[in-house]
Amino acid sequence: MTTITLVQGDITRQSADAIVNAANSSLLGGGGVDGAIHRSGGPAILAECQALRASRYGKGLPTGQAVATTAGDLDARWVIHTVGPVYQASGSDPSLLASCYRESLRVADELGARTVAFPAISTGVYRWPMDDAARIAVETVRSTPTAVEEVRFVLFDERAYEAFAAQLR
Ligand code: AR6
């Protein structure tokens, strides 16, 4: 059984086996959660991301996929980087956002992670509407078989927290 918990706060302050990063396909950093994770985690994370680009992901990590690195100075063993889809009002594929959660859990299982902290993927720079993103996140975690014991959604502000709380009620 996987327990879903909600926390309002900064994901870089969390203690967990794995912390998920809402990255971009370059894996070389950016703003939002991505910037915060690289700033708090230190240069070891970027060094491993650069090695992954050179070895496995020359064209970048595709949207909806996930890959792990060290967590550097964060209070975690791994960072799992995943690339959310950019929301477009003209049509966006929710299965790609679901895939981020499913693939991150698959990577977590491969690593043996038991606690995994997720941000609200795609809801910042990538503009996915929060209520819809919260529904997709919670439904996907609930329907994905995994040995992860705790999935913790770490929501940056009260609006995001309330959107996820509504899905759990
Ligand atoms: N802890 C938890 N949540 C956070 C934090 C934090 N420290 N900082 C921001 N959020 P975003 P995306 C929330 O933009 O939409 C980057 O530049 C934020 O309020 O980080 O998937 C990447 O390099 C929002 O609800 O990720 C990509 O280019 C959520 O995290 C692009 O942004 C996601 O916002 C990815 O965009």
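This is a predicted model: local features need pLDDT of at least 70, side-chain atom pairs count only at pLDDT 80 or more; totals for chains, interfaces and linings use all residues.

The dialogue below takes up the core, the strands, the helices, the loops and the ligand in turn.

Me: How many residues does the largest nonpolar core have, and which have the most contacts inside it?

Reply: In soluble globular proteins, nonpolar side chains tend to be buried together. A residue is buried if 20 or more other C-beta atoms lie within 10 Å of its own, exposed if 12 or fewer, and partly exposed in between, with C-beta atoms placed from the backbone. A nonpolar core is a set of buried Ala, Val, Leu, Ile, Met, Phe, Trp, Tyr and Cys residues joined through C-beta atoms within 7 Å. Here the largest such core has 51 residues, and those with the most contacts inside it are Ala18, Ile19, Val79, Ile80, Val116, Phe118 and Ala137.

Me: With which residues is Val116 in contact, leaving aside its neighbours within four places in sequence?

Reply: Two residues are in contact if their C-beta atoms, placed from the backbone, lie within 7 Å. With those sequence neighbours left aside, Val116 touches Ala16, Asp17, Ala18, Val20, Ala108, Val148 and Val151.

Me: Which residues lie on each side of strand β5, and how does β5 pair with β2 and β6?

Reply: Helices (H or I, at least four residues) and strands (E, at least two) are DSSP runs, numbered from the N terminus. Strand β5 spans residues 115-118 and is covered on both faces, with Thr115 and Ala117 buried on one side and Val116 and Phe118 buried on the other. Two strands pair if DSSP finds at least two bridges between them. β2 and β5 pair in the parallel sense over two bridges, and Ala18 stands opposite Val116 in β5. β5 also pairs with β6 in the parallel sense, over four bridges; there, Arg152 in β6 is the bridge partner of Ala117.

Me: Which residues of helix α1 are buried, and which are exposed on the face turned away?

Reply: An α-helix has 3.6 residues a turn, so residues three or four places apart point the same way. In α1, the buried residues are Val33, Asp34, Ile37, His38 and Gly41. They line one face of the helix because, seen down its axis, they fall within an arc of 130° (the arc of the directions from the helix axis to the C-beta atoms). The face turned away from that buried side carries the exposed residues Gly35 and Arg39. The cover over the buried residues of α1 includes β2, α2 (43-55) and β4 (78-83). After α1 comes Gly42, with a positive phi near 85°.

Me: Which residues of helix α5 are buried, and against what do they pack?

Reply: In α5 (residues 158-168), Ala160, Ala163 and Phe164 are buried. These residues lie on the same side of α5 because they cover an arc of only 90° around the axis. They pack against β1 (3-8), α4 (130-143) and β6 (150-155). The face of α5 turned away from its buried side carries the exposed residues Glu158, Arg159 and Ala166.

Me: Where in the structure do Leu27 and Ser122 lie, and what is the phi of each?

Reply: Leu27 lies in the loop between β2 and α1, and its phi is positive, about 65°, although it is not a glycine. Leu27 counts as buried because it has 24 C-beta neighbours inside 10 Å. Ser122, in the loop between β5 and α4, is likewise not a glycine and has a positive phi of about 75°. Ser122 is buried, with 27 other C-beta atoms within 10 Å.

Me: Which residues come nearest to the ligand, and which elements contribute to the shell around it?

Reply: A residue is near a molecule if its C-beta atom, placed from the backbone, lies within 6 Å of it. Of the 24 residues around the ligand, Ala22, Asn24, Gly30, Gly32 and Gly124 come nearest. The elements giving two or more residues to this shell are β2 (18-23) and α1 (32-41). The largest share, four residues, comes from α1.

Definitions and conventions
Residues are numbered from 1 along each chain as its sequence is written.
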